[in-house]
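Start with the view below.

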Amino acid sequence: MCKEDGFKFASLNAQKTMALLEDRNIRKVPQNYMIWYEYLSETNPEIREAVNRLMLQKGKFSDEVAKQIYDEFFSHTKEGNTIRETNRLVQQSMEAVLREIRSSSTGLTDYGDRLENFADTAEDLSALDFQKMTRNILFETREMAVRSESLNANLTKASSEIEDLKRRLVDVEQESLTDTLTGIANRKKFDKELARATQDSIQSNNKLCLVMSDIDFFKNFNDTHGHVFGDQVLKLVANTLNEGAGENAVAARYGGEEFGIILPNTTIENAYNLADRLRKNVSSKRLVKRSTGDEVGKITMSFGVAQFDLSEDPLALIARADDALYDAKESGRNQVKMDTQQVAQMA
């Protein structure tokens, strides 16, 4: 595509995007514009699939759907900008130190040459010349001491700055892997950890299980009690799952009201028992509306459990755990179902 065609395409796509936002009565904010611009451009099939899937689940394109899509596909822009800026500051600090070192190195070379010359000629100097050269050497020695002090100070300052910048990068990375609402791992962290866990399982031949879970009737609950209270429920559930999963597990918000738990070195039986304990823990929580103090019932969850097959990829494992979760919901919710492949093997 030539540059002129590219401009035409972008202009036409922008018009289509604004028309779609108007037609569907979607708020005209940058977040929504970016999502639908990418959707209509058809250059990112993953965004199209995610939008279609979430709209099917939620019934419409809402602020909740928009936030989930934006966090998953566009939040890396902020991360990338921060990393680039941090790299620039590191480079700037390093260049300043290198300039100082080069300057000091040149000074040290000249100072060394003069000391060597003084040592070679000292015996042949008159008393007056000897005193004069000694004064010069002392003066230059003091100058070198000042330069060295300055160099040490600058090196200390640069080291501190670089350490601060390194901590900033760690914080940015951690933020990019954390769900902003619940504080547990997000989908990006989940995908990375599952890929690593499956590779570890293949290399070590250790068992690996995945638990996928979903809050029952969350949409109805959200519509009845409001999104603010719904967010509090999500935080409560996330904290319960995260604390109950164990130190070696990774509990993550997979999307919306769905959560995933990666369980390394865990058999399917133990994973099932853990999921059932978590189910009971969640349903035992008292839900009280802060604004009124009224109890509003309890939240229940459905769980699906699958064990990793060394011959499959992570997506296949997720699909099987999701199928088991769907089976739990179809069977009445508030229960744990095991992947049928594992059930058949155990029979």
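## A pair within helix H7

This model is predicted. Glu193 and Arg196 form a salt bridge, and their closest N and O atoms are 2.6 Å apart. Both residues lie in helix H7. They sit 3 residues apart, which is about one turn of the helix.

How buried or exposed are the two partners? Glu193 has a relative accessible area of 15%. The cut-off for buried is under 20%, so Glu193 counts as buried. Arg196 is partly exposed, at 44% relative accessibility.

## A network of four

The pair does not stand alone. Lys189, Glu193, Arg196 and Asp200 are linked in a network of salt bridges.

Now turn to Arg253 and Asp179. Their side chains meet in a salt bridge, at 3.3 Å from N to O. Arg253 lies in strand E2, residues 250-255. Asp179 lies in the loop between helix H6 (127-176) and helix H7 (187-204).

## A pair with an exposed partner

Glu22 forms a salt bridge with Lys28. Here the closest N and O atoms are 2.8 Å apart. Glu22 has 53% relative accessibility. Exposed means over 50%, so Glu22 counts as exposed.

## The whole structure

How many salt bridges does a search of the whole structure find? The total is 15. Among them are Glu193 with Arg196, Arg253 with Asp179, and Glu22 with Lys28.

Definitions and conventions:
Residues are numbered from 1 along each chain as its sequence is written. This is a predicted model: local features need pLDDT of at least 70, side-chain atom pairs count only at pLDDT 80 or more; totals for chains, interfaces and linings use all residues. Side-chain values use heavy atoms; hydrogens and water are left out. Buried means under 20% relative accessible area, exposed over 50%, partly exposed in between (1.4 Å probe, protein chains only). Helices (H or I, at least four residues) and strands (E, at least two) are DSSP runs, numbered from the N terminus.
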